[in-house]
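Good morning, and thank you for coming. Please look at the sequence and the structure as I bring them up.

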Amino acid sequence: MAMFQSFEINASGMTAQRFRSDIISENIANVNTTSTEDGTPYTRKVVTFQEKGVNGFEDYLRKARGDLIGNGVKITTVSEDHSSEYKMEYDPSNPDADENGYVTYPNVNIVTEMTNLIDASRAYEANATAFEASKGMAQLGLNIGQ
């Protein structure tokens with residue numbers, strides 16, 4: 001493994017988890033948004049990650065030899081969650097109420113979002129710790145020649 005490859009892997013993980021935290025924060029901020037620009041309630045967003053692809057001949061050669069060295073992570077999509085139900089609440093005085101007096105609230109569950117935020121935070125911390133460990137090993141390696 002190249003000396004700086006571990007830095008790139010950890011940095012990509014930290015970047016991905018920071019972006020995931022931003023999307024989770026957006027979900028939490030819009031928990032009560034009953035009407036967006038298109039007139040529908042806010043829909044929860046979900047981030048999908050994928051391992052960075054194999055790029056060059058050297059990567060294919062390593063994979064063929066069985067050297068399973070990761071390339072980091074990348075964000076593939078930010079999609080809307082259409083699998084969970086919107087919340088319906090009876091409030092005929094709300095301007096967004098339908099003809100029966102029900103207001104459709106976003107499909108954002110605060111407990112789920114907070115759990116995901118803790119998970120993203122822990123993953124970020126793990127990547128930061130691994131980055132610091134790699135940096136420490138690189139510094140020790142450079143100091144051997146002194």
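Is Tyr102 buried, partly exposed or exposed? Please keep in mind that we are looking at a predicted model. With a relative accessible area of 36%, Tyr102 is partly exposed, because that class lies between the limits of 20% and 50%.

Let us turn to the aromatic rings. The structure contains two aromatic pairs. One of them joins Phe7 and Phe131, with ring centres 5.1 Å apart and an angle of 45 degrees between the planes, a tilted arrangement. This pair links distant parts of the chain: Phe7 belongs to helix α1 and Phe131 to helix α3, 124 residues apart. Phe7 is buried, at a relative accessible area of 14%, whereas Phe131 is partly exposed, at 23%.

Tyr102 takes part in a pair with Tyr90: the ring centres lie 5.3 Å apart and the planes meet at 65 degrees, so this pair is edge-to-face. Tyr90 sits in strand β3 and Tyr102 in strand β4, so the pair ties together parts that are 12 residues apart in sequence. Tyr90 is exposed, with a relative accessible area of 54%.

Finally, I would like to consider a serine. Ser12 is located in helix α1, which covers residues 5-29. Leaving aside residues up to four places away in sequence, Ser12 touches Lys52, Gly72 and Val73. Between Ser12 and Lys52 there are 40 residues in sequence, yet their C-alpha atoms are 9.3 Å apart in space.

Methods:
Residues are numbered from 1 along each chain as its sequence is written. This is a predicted model: local features need pLDDT of at least 70, side-chain atom pairs count only at pLDDT 80 or more; totals for chains, interfaces and linings use all residues. Side-chain values use heavy atoms; hydrogens and water are left out. Helices (H or I, at least four residues) and strands (E, at least two) are DSSP runs, numbered from the N terminus. Contact means heavy atoms within 4.5 Å. Rings of Phe, Tyr and Trp (its six-membered ring) pair if their centres lie within 6.5 Å; planes under 30 degrees apart count as stacked, over 60 as edge-to-face and the rest as tilted. Buried means under 20% relative accessible area, exposed over 50%, partly exposed in between (1.4 Å probe, protein chains only).
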